[in-house]
Amino acid sequence: MNRPQRVLISGAGISGLTTAYWLDRYGFRVTVIEKAPAPRPGGHALDVRGPGLEVAARMGLLGTLHDRSTKLTGISMVDADGQEIFRSTESTLTGGQLDSPDVEIMRDDLCQILHEALDDRIELVFGDSVTALTQDENGVDVTFATGAPRRFDLVIGADGVGSGARQIAFGPHERFVHAFGTVYVATFSMPNFLDLDRWEVLYQQEDPYLGAMVMGLDRDAAARAYLGFGAPEAVDYDLRDIDAQKRLLADRLAGAGWEIPRIVDHMLTAGDFHFYSLSQVRMDAWSRGRITLTGDAGYAVSLGTGQATTVAMTGAYVLAGELAAHRDDLAAGLAAYESALRDYVIRNQEIALEQDSKPQNDGLPDYGSLTLPFTLKAYS
Ligand SMILES: Cc1cc2nc3c(=O)[nH]c(=O)nc-3n(C[C@H](O)[C@H](O)[C@H](O)COP(=O)(O)OP(=O)(O)OC[C@H]3O[C@@H](n4cnc5c(N)ncnc54)[C@H](O)[C@@H]3O)c2cc1C
């Protein structure tokens, strides 16, 4: 295949923006198309660890990541009446050990940092998405929901677990998205009515298994809430229907203790709601001709082990690097991407499954011990 120059990336999340950064550095002409009308607010604390920190360092962003990190100082667990029953100032539920080298950062902050690092050097289109991809020997014809049709040399799906690019080029979600746990969690912003300052509060109920966690980073700013429930059987829900997801949560959490009724009320009006189940994306191949996938779209590991962002940043770095290293042979570049990364991804997915099958214990997670090493090549 000829030398790829014009690259379309679907999705301006962590993997899309990181891939765009490196491809631009290597001299490709990059367009990123994002379905949301503007940079997506909200989301919760993500963790950058191990090789993810090294990718950030090579982008010159490690200092900024540390500056904008959550800087949480601890967690309280409360009972149904709001009385504290446990506290830690060494670890939190979202970030693990506070003295680890890892960076915990809010998703919207990390996206903003990556966006700023691109410094308008690429074409970034919000509020549009790919509707059809037709490839031939020399390129891919792309049609969009609103924009005019265009032709690219390579299309990269970086559009998350529910990837539209994957559905168009590889087939229906059900073939690749595997729910493996029976825990469902939503995240959204709400007023900081608990008056939290760099602190998180957790309430859990055993039977039925459900809970809420609220994280406040600044008394004067919105808090971020997590609401979740466990289910004995996998619950079928529409990946794209937010109202139905909100109704599902409100039903499951009806009658729960602590501040859950108030938090549910805020959830119903939240504009930055995001719903997850424990699921992985597993595919035999991440590329088909001139279309490839990166991050959650191709190999989501699940949120249970706190490695999704690290895997996404590592994958983006390797994809862009191998494309640059095989500039005159796209097929060889995509094959090298896959062979460099696949074992690392599979091992991360295995660890997530092992963690899920372990009995629940009361301890706070040690995510650092679940972080796998990955040697990043120097590409030029
Ligand atoms: C709003 C939001 C909040 C999140 N909050 C958390 C969290 O609190 N904790 C956690 O562990 N993980 C969270 N995640 C997931 C986490 O960001 C990812 O697991 C990880 O960072 C890997 O990122 P990714 O870029 O591969 O995928 P994602 O972060 O899912 O990014 C995919 C991007 O593609 C866009 N997109 C989706 N479909 C299309 C389409 N058809 N066309 C164009 N663009 C499309 C999405 O709007 C998004 O910007 C969140 C994701 C999102 C989108």
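Modeller: In helix 6 (residues 242-252), Gln245, Lys246, Leu248 and Leu249 are buried. Keep in mind that this is a predicted model.

Biologist: How do you know that the buried residues line one face of the helix?

Modeller: Look down the axis of helix 6: its buried residues fall within an arc of 160°, so they line one face. In general, an α-helix has 3.6 residues a turn, so residues three or four places apart point the same way.

Biologist: What is on the other side of helix 6, and what covers its buried residues?

Modeller: Asp243, Ala244 and Asp251 are exposed on the other side. The cover over the buried residues includes strand 14 (177-190), strand 17 (223-230), helix 7 (260-269) and strand 18 (274-281).

Biologist: Which residues come nearest the ligand?

Modeller: Of the 31 residues around the ligand, Gly13, Gly43, Gly160, Gly164 and Gly295 come nearest. Elements giving two or more residues to the shell are helix 1 (14-25), strand 2 (29-34), helix 8 (296-299) and helix 9 (308-325).

Biologist: What makes up that shell by class?

Modeller: It has 10 nonpolar, 15 polar and six charged residues.

Biologist: How many residues of each domain are in contact?

Modeller: 14 residues of domain 1 are in contact with 16 of domain 2.

Definitions and conventions:
Residues are numbered from 1 along each chain as its sequence is written. This is a predicted model: local features need pLDDT of at least 70, side-chain atom pairs count only at pLDDT 80 or more; totals for chains, interfaces and linings use all residues. A residue is near a molecule or strand if its C-beta atom, placed from the backbone, lies within 6 Å of it. Helices (H or I, at least four residues) and strands (E, at least two) are DSSP runs, numbered from the N terminus. Ala, Val, Leu, Ile, Met, Phe, Trp, Tyr, Cys and Pro count as nonpolar, Asp, Glu, Lys and Arg as charged, and the others, Gly among them, as polar. Two residues are in contact if their C-beta atoms, placed from the backbone, lie within 7 Å. A residue is buried if 20 or more other C-beta atoms lie within 10 Å of its own, exposed if 12 or fewer, and partly exposed in between; C-beta atoms are placed from the backbone. The arc is that of the directions from the helix axis to the C-beta atoms.
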